[in-house]
Amino acid sequence: MEWQKEVRIEPLAHRYGRQGLMNLWGSCFAQELQQYLYRRLYRAGFSPYGIMYNPLSMAEGLRRLLADTPQLELLEHEGAWHSLMHHGSYSDVSKEAARTQMLEAFEMAQSTLSDTRLWIFTFGTAYIYEWADSGEVVNNCHRFPADRFRRRRLSVEEIVTAWRPLLSELRRKGAEVLFTVSPIPHYRDGAHESRLSKAILLLAIDELQGDGIHYFPSYEIQLDELRDYRFFAEDMAHPTPQAVRYILSRFRDFALEPETDFDRRWEKLLLITQHRPLTTDASKLAAHYSAVVQKLTTFAEETGHPYVRELIAQMDKHCR
């Protein structure tokens, strides 16, 4: 007798290692996945626009990146400058500071275009907000008055039409594409409306799949395999950390090369960096962290990954 329905996933024919660059765009789940990869020393970048939820904003952001046209238009609201294409983390009370960090993120993403071997796009919702004056689809409303926007739900055809030429361009550059749908339902739209939204995203992705264009079922794993409420946070929408770790482990088996001795050594060292010695003796603490820095330095020489250097800087503070 089965007590749990496992979502069966066939691994990619070509699974990815630490050599090629992966670029992740999308919702907060995409950010979770990017951080998971980054902390395990994969080359993993994130969208130069920050967190994104709807497929048309992602398509427009990718179009600008491929065309090398940042098209920054900043608007002031409640003492800060915002871009309707960017997440609020890019906003600033200084217009120049906001513009500078947006341009720096764009230029960084531009510089990695030719190196990106796998693009991962996580769609969150089929509902969009359009700027009422221009009809432009916005990525973030930044708490502008509601009457500045029109809200509607995308059709499958709109998503497919926007993405087909972009996918062709990415495939011409030799990259593969992986779509996924955020496992977080949007209950503020209503339960039925949330399901319709996710269904539209799933149908659009199904039409877009083809040679080198794949799908990873994070939504199905959360809703079908982890359907018990113990796998949901207090808001009954977001996955718990345990659920996120499980979905990420399924992604690892699906898209990443099999575990190696390097992976096992790094996982063990990561646990050591999170350990806090049960002593207040300054010399013992310094000795512990010095030993950790030495081990991290070995990995830094092996990989040159920036996350290792970040950890060394954190551990160094404890050695003084």
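## Terms and basis of the model

In this report a residue is called buried when its relative accessible area is under 20%, exposed when that area is over 50%, and partly exposed in between, as found with a 1.4 Å probe on protein chains only. The structure is a predicted model, in which local features need pLDDT of at least 70 and side-chain atom pairs count only at pLDDT 80 or more, whereas totals for chains, interfaces and linings use all residues. Residues are numbered from 1 along each chain as its sequence is written, and side-chain values use heavy atoms, with hydrogens and water left out.

Helices (H or I, at least four residues) and strands (E, at least two) are DSSP runs numbered from the N terminus. Helix α2 covers residues 55-67, and its end C-alpha atoms lie 18 Å apart, which agrees with the 18 Å that its 13 residues should span at 1.5 Å a residue; the expected span is 1.5 Å times one less than the number of residues. After the helix comes Asp 68, whose phi is positive, near 55°.

The buried residues of α2 include Pro 55, Leu 56, Met 58, Leu 62, Arg 64 and Leu 65. Among the elements that cover the buried residues of α2 are β1 (21-26), α3 (95-111), β5 (116-123) and α5 (191-208). In the loop between α2 and β3 (74-77) lies Gln 71, which has a positive phi of about 50° although it is not a glycine; at 36% relative accessibility, Gln 71 counts as partly exposed.

## Parallel pairing around β5

Strands of a sheet pair through backbone hydrogen bonds, either parallel or antiparallel. Two strands are taken to pair if DSSP finds at least two bridges between them. Strand β5 runs parallel to β1, to which six bridges join it, and Leu 21 stands opposite Thr 116 of β5. Six bridges also join β5 to strand β9 (residues 176-181), again in parallel, and here Thr 122 stands opposite Thr 180 of β9. Strand β5 is mostly covered, with seven of its eight residues buried.

## The antiparallel sheet

A three-stranded open sheet has the order β7-β6-β8, with antiparallel pairing. Its edge strands are β7 and β8 (149-153), each of which pairs on one side only. Five bridges join strand β6 (residues 127-131) to β8, and the bridge partner of Tyr 129 in β8 is Arg 151.

Glu 130 belongs to strand β6 and is buried, with a relative accessible area of 10%. Its side chain makes a polar contact of 3.0 Å with that of Arg 152, where a polar contact is a pair of N or O atoms within 3.5 Å; within protein, one atom must be able to donate a hydrogen and the other to accept it, and residues adjacent in sequence count only if both atoms are side-chain atoms. Neighbours within four places in sequence aside, Glu 130 is in contact (heavy atoms within 4.5 Å) with residues that include Gly 135, Val 137, Arg 148 and Phe 149. In the loop between β7 and β8, His 142 has a positive phi near 50° and is buried, with a relative accessible area of 9%.
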